[in-house]
Amino acid sequence: MKKLLVLVPVLSLLISCMQAERNCADFKTGKFKFEHEVDGVLKTTLFERNDSIEIETYEGKIDTASIRWVNDCEYILTKLHPKSMAEEKAVNIKILSTKDDTYLFEFGIVGMAQKQRGTATKLE
């Protein structure tokens with residue numbers, strides 16, 4: 001029983017030390033790069049974000065979206081000039097962890113359970 005009483009606080013301490021770093025404020029604005037694979041081909045998205053607008057360049061096309069910050073680590077993107085019904089849907093983005101000049105994020109359509117993950121690198 002004494003071993004268990006000692007083991008529980010030690011395990012709690014170890015688990016609390018393993019929490020991911022989240023310096024989200026460092027990534028609210030700037031220029032970023034997101035690389036992802038589509039059908040086995042590496043694609044790159046470049047985007048620049050300030051506190052209210054994100055401008056994205058993907059395959060030579062430029063899109064602009066408004067940003068509504070939910071908190072320091074989560075925001076909602078809504079395209080300003082959607083070209084289809086699918087583009088009209090807002091995207092929720094949540095920063096899960098940060099490290100140096102990168103952050104791991106989760107994103108998906110608002111209201112949908114399906115989420116994807118990616119890593120973005122801050123360029124400036």
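Reader: Which residues form a disulfide here, and how far apart are their sulfur atoms?

Author: This is a predicted model. In it, cysteine 24 and cysteine 73 form a disulfide, with their sulfur atoms 1.9 Å apart.

Reader: How many disulfides does the count come to?

Author: The count is 1 disulfide.

Reader: Where do cysteine 24 and cysteine 73 sit in the chain?

Author: Cysteine 24 is in the loop between helix H1 (2–17) and E1, and cysteine 73 is in the loop between E4 and E5. They are 49 residues apart, and the pair links distant parts of the chain.

Reader: What about the handedness of that link?

Author: The link of cysteine 24 and cysteine 73 is right-handed, with 100° about the S-S bond.

Reader: Is cysteine 24 buried or exposed? And why?

Author: Cysteine 24 counts as buried because its relative accessibility is 2%, and the cut-off for buried is under 20%. Cysteine 73 is buried too, with a relative accessible area of 10%.

Reader: Ok, which residues is isoleucine 95 in contact with?

Author: Leaving aside neighbours within four places in sequence, isoleucine 95 is in contact with Arg22, Cys24, Phe27, Cys73, Tyr103, Leu104 and Phe105. Both disulfide cysteines, Cys24 and Cys73, are in that list.

Reader: How many residues are in the largest nonpolar core?

Author: That core has 17 residues. Those with the most contacts inside it include Ile95, along with Phe47, Tyr75, Leu77, Ile93, Tyr103 and Phe105.

Reader: Which strands supply at least two residues of this core?

Author: Strands E1 (30–38), E4 (61–71), E5 (74–79), E6 (91–99) and E7 (102–109) each do.

Reader: New topic. Where does threonine 45 lie, and what does it touch?

Author: Threonine 45 lies in strand E2 (residues 41–49). Not counting residues up to four places away in sequence, threonine 45 touches Phe32, Lys33, Phe34, His36, Glu56, Thr57 and Tyr58. Threonine 45 is buried, as its relative accessible area is 6%.

Reader: How much space lies in the largest pocket?

Author: About 1,100 Å³. The largest pocket is lined by 32 residues, and Phe34, Glu56, Lys79, Val91 and Phe107 lie nearest its centre. Two of these, Phe34 and Glu56, are touched by threonine 45.

Reader: Which element gives the largest share of the lining of the largest pocket?

Author: E7 does, with 5 residues. Among the other elements that give two or more are E1, E2, strand E3 (53–58) and strand E8 (116–122).

Reader: How do the residues of that lining divide into nonpolar, polar and charged?

Author: The lining of the largest pocket has 13 nonpolar, 8 polar and 11 charged residues.

Definitions and conventions:
Residues are numbered from 1 along each chain as its sequence is written. This is a predicted model: local features need pLDDT of at least 70, side-chain atom pairs count only at pLDDT 80 or more; totals for chains, interfaces and linings use all residues. Side-chain values use heavy atoms; hydrogens and water are left out. A nonpolar core is a set of buried Ala, Val, Leu, Ile, Met, Phe, Trp, Tyr and Cys residues joined through side-chain atoms within 4.5 Å. Buried means under 20% relative accessible area, exposed over 50%, partly exposed in between (1.4 Å probe, protein chains only). Helices (H or I, at least four residues) and strands (E, at least two) are DSSP runs, numbered from the N terminus. Contact means heavy atoms within 4.5 Å. A disulfide is a pair of cysteine sulfur atoms within 2.5 Å. On a 1 Å grid over the protein atoms alone, a cavity is a set of points where a 1.4 Å probe fits but cannot get out, and a pocket is an open set with protein on both sides within 12 Å along at least five of seven lines; lining residues have an atom within 4 Å of a point. Grid points are joined across faces, edges and corners, and a volume is the space filled by probe spheres set on the points. Ala, Val, Leu, Ile, Met, Phe, Trp, Tyr, Cys and Pro count as nonpolar, Asp, Glu, Lys and Arg as charged, and the others, Gly among them, as polar.
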